[in-house]
Amino acid sequence: MAKAAEKLRGANRRDVTLRILAAVPLNYALTALLTVWLARILPGGPAQASVGATLMSFAIFALIAMLCFAVRSTAKLWLVMVGAGAALALADWLLILWGGRL
């Protein structure tokens, strides 16, 4: 029984560690990519779009951080976050090539 409890304790530590890593550094990278994308597609002038995207990024960061601890599976969490990051990186790169606003 003691070994099972120690296994569970180790699994919980690993789970919390993976969630913290997803909630802070991975979330920061994902929010930065999303902010770049938003700044390029929002209407208005470049300065207004940049300020608007930056203001939205604070709410987006907080929302993603809360979701990191609300979901059940850390594997699905990481898969979705890395996939979303790759998709946003591709979208940002294509917008730059296409000549989107700076």
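User: Happy to be looking at this one with you! Which helix is Leu30 found in?

Analyst: Leu30 sits in helix H1. Bear in mind that this is a predicted model.

User: Why is Leu30 called buried?

Analyst: Leu30 has a relative accessibility of 10%, and buried means under 20%, so Leu30 counts as buried. As for its surroundings, leaving aside neighbours within four places in sequence, Leu30 is in contact with Ile64, Met81, Ala84, Gly85 and Leu88. One of these, Ala84, is 54 residues from Leu30 in sequence, with 7.5 Å between their C-alpha atoms.

User: What about Thr17, and why is Thr17 counted as partly exposed?

Analyst: Thr17 is also a residue of helix H1. Its relative accessibility is 42%; buried would need under 20% and exposed over 50%, so Thr17 counts as partly exposed. Thr17 and Thr74 are 57 residues apart in sequence, and their C-alpha atoms are 10.0 Å apart in space.

User: How do you know that Asp15 and Arg19 meet in a salt bridge?

Analyst: Good one to check! The N to O distance between their side chains is 3.0 Å, and the cut-off is within 4 Å for a nitrogen of Lys or Arg and a carboxyl oxygen of Asp or Glu, so the pair qualifies as a salt bridge. The structure holds one salt bridge. In general, side chains of opposite charge can pair when their charged atoms come close.

User: Where do Asp15 and Arg19 lie?

Analyst: Both belong to helix H1, residues 2-41, and they are four residues apart, about one turn of the helix. An α-helix has 3.6 residues a turn, so residues three or four places apart point the same way.

User: Where is the kink in H2 centred?

Analyst: The kink is centred on Ser57 and comes to about 25°. Ser57 is also among the buried residues of H2, a list that includes Ala49, Ala53, Ile60 and Ile64.

User: And what makes Phe61 partly exposed?

Analyst: Phe61 lies in helix H2. Its relative accessible area is 29%, which is between the 20% and 50% limits, so Phe61 is partly exposed. Not counting residues up to four places away in sequence, Phe61 touches Ala23, Val24, Asn27, Tyr28 and Thr31. For Asn27, the C-alpha to C-alpha distance from Phe61 is 6.6 Å, across 34 residues of sequence.

User: Which elements have the lowest and the highest mean pLDDT?

Analyst: H1 has the lowest, at 86, and helix H2 (residues 46-70) the highest, at 96. For the chain, the mean pLDDT is 90, and 87% of the residues reach 70 or more.

User: Finally, how many helices and strands does the chain have?

Analyst: The chain has three helices and zero strands, following the pattern α-α-α along the sequence. Of its 102 residues, 25% count as buried. Among contacts between residues at least 6 apart in sequence, 78% join residues at least 24 apart. The accessible surface comes to about 7100 Å², with 75% of it belonging to carbon and sulfur atoms.

How values were computed
Residues are numbered from 1 along each chain as its sequence is written. This is a predicted model: local features need pLDDT of at least 70, side-chain atom pairs count only at pLDDT 80 or more; totals for chains, interfaces and linings use all residues. Side-chain values use heavy atoms; hydrogens and water are left out. Helices (H or I, at least four residues) and strands (E, at least two) are DSSP runs, numbered from the N terminus. pLDDT is the predictor's confidence in each residue, from 0 to 100. The bend at a residue is the angle between axes fitted to the seven residues ending there and the seven starting there. Buried means under 20% relative accessible area, exposed over 50%, partly exposed in between (1.4 Å probe, protein chains only). Contact means heavy atoms within 4.5 Å. Accessible areas come from the Shrake-Rupley method with a 1.4 Å probe; for residues, only the protein chains shown count as cover.
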